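I opened this notebook to keep track of what I looked up, entry by entry.

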Amino acid sequence: KELAFESGTQKHENDPFILGQVAMKIDGDWILPDMARYGPQIDLGTAPPPVPDDRYNHQGVFQNEPDTFVTWSGGHALVIPVGARNVQDAWEYIKFASSLEGREIDATNQRDADRERGRVFIAKQVASRVANEKLQKEFVPAVPKFAEAINVNVSMAPHSRMRPSTIVGQTLWSQQIAAMQEALYHRATPHEALLKAQTVVQNELDADLDKDNHPPANTQIPVIVGLGLFVAAILAWFAVWTRARMGKIAKHEGRWGMAFIAPSIAGFVILTLGPMLASLYFSFTQYDVLSSPRWVGMKNYADIVGAGRIDTSKAFLNVVYLAGIGVPLSIMTGLAVAILLNSASRGIRFYRTLFYMPSIVPGVASAILWVWVLTPDPGKGLINSGWTHTLSKWLNVPPPTWLGSAHWSKDALIMMGLWSVGSGMILWLAGLKGVPSTLYEAAELDGASPAKQFWKVTAPVLSPLIFFNTVMGFIGSIQEFDRMYIMNPMGAGSVGPDNSLLTPVYLLFKNGFTYFKMGYASALAWGIFLIIVLLTVLQFWLAPRWVHYEVDR
């Protein structure tokens with residue numbers, strides 16, 4: 001019961017406040033467009049957050065002081081990066097976009113766009129009290145309750161406080177969310193959680209302030225090494241080619257063969273091998289893209305496995321769960337479906353096509369579809385709608401919140417994976433067709449039951465396919481990213497409730513493209529690569545003990 005509202009930070013149409021699942025929430029003016037779009041019927045009232053009693057005077061009225069309300073301001077900034085070509089033009093644009101005229105043009109265009117879609121327009125708050133007051137008067141929302149909410153936001157603006165301007169602002173924001181979740185899930189007291197967050201943020205600040213103490217990294221080194229390897233490979237091939245004993249026709253065919261594969265080789269060298277070598281080099285540097293890299297040696301790798309790296313351990317534990325349960329379940333489901341479809345029954349081609357179709361749906365489209373299917377609202381979500389009319393009605397079991405729950409989110413991904421077992425089903429069908437019927441006849445003559453026939457005949461013959469799907473399944477689980485990126489209900493702060501959807505590749509992406517820690521992200525990439533190699537080697541080492549090939553029989 002204590003986790004009943006753990007999905008409270010979901011967004012848009014799945015926001016529990018909009019769905020009527022929670023009575024109140026602390027939020028800002030940015031939530032009002034969603035309320036107007038997805039919950040126009042909501043009975044909304046807006047008020048400042050509660051404050052201590054000492055902020056009232058003896059008449060029970062708020063004291064007119066800067067710290068009367070408990071609120072903060074935040075948002076986005078327009079910046080000009082170092083090295084930009086048209087600095088003056090960019091500065092002129094920033095001044096215009098931030099001016100009162102620019103704000104009015106932006107609000108007018110957004111209002112017209114919302115009207116075309118039949119939506120209620122609500123002007124967003126900006127970093128200008130004058131602009132906010134003017135927009136408040138010119139673009140009054142048509143619905144009074146939303147207009148009152150805007151009035152409350154505008155009245156609180158003079159009392160708001162900004163988060164500190166810092167070079168690690170995104171890290172600060174993420175750690176605030178992490179601290180909140182640590183406290184909510186009772187893994188630490190609020191004070192302990194904030195101290196952990198403070199340590200992480202301070203380490204990032206120290207690293208940035210200390211970068212001048214590290215020598216500049218020579219970015220030409222990976223280029224020189226890559227070109228050297230490329231030239232060495234060409235010389236080695238030329239040496240083998242000139243010494244090979246081949247006839248005139250063979251040499252002619254060989255030249256044409258090399259000409260045909262040259263584009264693929266060039267693409268591999270330029271687009272794959274080159275970036276790999278560059279990332280290996282940058283993994284030993286502190287590199288934020290906007291400034292020159294600094295050589296730090298093994299520091300990035302030490303940080304990955306260092307004490308207190310909760311995010312790294314969480315990401316790999318999530319993968320262990322997804323792979324440990326999802327891969328065997330996917331293999332068993334695909335094989336079971338293939339066995340059912342391995343017959344000459346009437347209409348069997350239709351059913352094979354039906355089961356195979358989900359596997360050809362693009363990953364992005366599939367993820368968006370499942371966001372709707374897994375919507376926790378029984379009135380909108382397909383699964384929870386059926387759950388409410390069956391398990392909830394008969395057994396009084398409440399439907400789960402799926403992606404909004406730290407306990408159900410990974411299970412939701414596993415269930416989503418079972419939907420596309422059709423791709424593996426094709427391989428299983430091909431394997432089942434290759435099982436000699438004489439083996440089944442011999443087993444039946446020996447009195448083997450259907451279960452015995454499966455374990456003594458079918459499973460050994462299919463063991464190479466089981467091995468292949470196991471290897472590929474584990475590699476795919478470690479490389480999970482796209483579904484988490486699209487289906488994440490928490491936004492940029494956390495990857496699922498309590499980071500339950502965080503994976504190593506998503507962690508790599510966040511460090512590289514959110515925190516701009518390209519050196520650390522490159523070290524993570526090579527760490528993931530080494531883990532995949534070690535797991536694959538381990539599986540190949542164990543394979544001879546249970547995998548049986550046709551030449552062995």
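**Entry 1: salt bridges**

I looked up Asp112 and found it partly exposed, at 33% relative accessibility. The model I am reading is a predicted one. Asp112 forms a salt bridge with Arg111, and the closest N and O atoms are 3.4 Å apart. I then searched the structure for such bridges and noted 14 of them.

I went on to Glu182 and Lys196, whose side chains meet in a salt bridge at 3.3 Å, N to O. Glu182 lies in helix α7 (residues 169-184) and Lys196 in helix α8 (residues 190-209), so this bridge ties together parts that are 14 residues apart in sequence. Glu182 is buried, with a relative accessible area of 10%, while Lys196 is partly exposed at 39%. Both belong to a network of salt bridges that also links Arg187, Lys314 and Asp498.

My next pair was Asp303 and Lys299, with the closest N and O atoms 3.0 Å apart in a salt bridge. They are 4 residues apart in helix α11, so about one helical turn separates them. I found Asp303 partly exposed at 27% relative accessibility, and Lys299 partly exposed with a relative accessible area of 36%.

**Entry 2: aromatic rings**

How many aromatic pairs does a search of the whole structure find? I got 23. I took Tyr281 and Phe282 as one case: the ring centres are 6.0 Å apart and the planes stand at 70°, so I logged the pair as edge-to-face. Tyr281 counts as buried at 11% relative accessibility, and Phe282 is buried with a relative accessible area of 17%.

Is Tyr506 buried or exposed? I found Tyr506 buried, at 7% relative accessibility, whereas Tyr485 is partly exposed with a relative accessible area of 46%.

Ring pairs also link a cluster, in which I listed Tyr281, Phe282, Phe284, Tyr287, Trp295 and Tyr301.

**Entry 3: charges over rings**

I noted the charged end of Lys410 over the ring of Tyr321, 5.5 Å from the ring centre. The charged end of Arg545 sits over the ring of Trp541, 4.6 Å from the centre.

**Entry 4: a surface patch**

Trp541 came up again in a nonpolar patch on the surface, together with Leu535, Leu538, Leu542 and Trp546. I wrote down about 450 Å² of accessible area for the patch as a whole. Trp546 is found in the segment after α23 (518-542) and is partly exposed, with a relative accessible area of 34%.

In soluble globular proteins, nonpolar side chains tend to be buried together.

**Entry 5: one more residue**

Ile261 counts as partly exposed, at 40% relative accessibility. Val240 is 21 residues from Ile261 along the chain, and their C-alpha atoms are separated by 17 Å.

Key: Residues are numbered from 1 along each chain as its sequence is written. This is a predicted model: local features need pLDDT of at least 70, side-chain atom pairs count only at pLDDT 80 or more; totals for chains, interfaces and linings use all residues. Side-chain values use heavy atoms; hydrogens and water are left out. Patches are made of residues with over 30% relative accessible area and no salt bridge: like charges are joined within 9 Å, nonpolar side chains (Val, Leu, Ile, Met, Phe, Trp, Tyr) within 5 Å. Accessible areas come from the Shrake-Rupley method with a 1.4 Å probe; for residues, only the protein chains shown count as cover. A salt bridge is a side-chain nitrogen of Lys or Arg within 4 Å of a carboxyl oxygen of Asp or Glu. Helices (H or I, at least four residues) and strands (E, at least two) are DSSP runs, numbered from the N terminus. Buried means under 20% relative accessible area, exposed over 50%, partly exposed in between (1.4 Å probe, protein chains only). Rings of Phe, Tyr and Trp (its six-membered ring) pair if their centres lie within 6.5 Å; planes under 30 degrees apart count as stacked, over 60 as edge-to-face and the rest as tilted. A charge sits over a ring if NZ of Lys or CZ of Arg is within 6 Å of the ring centre and within 35 degrees of the ring normal.
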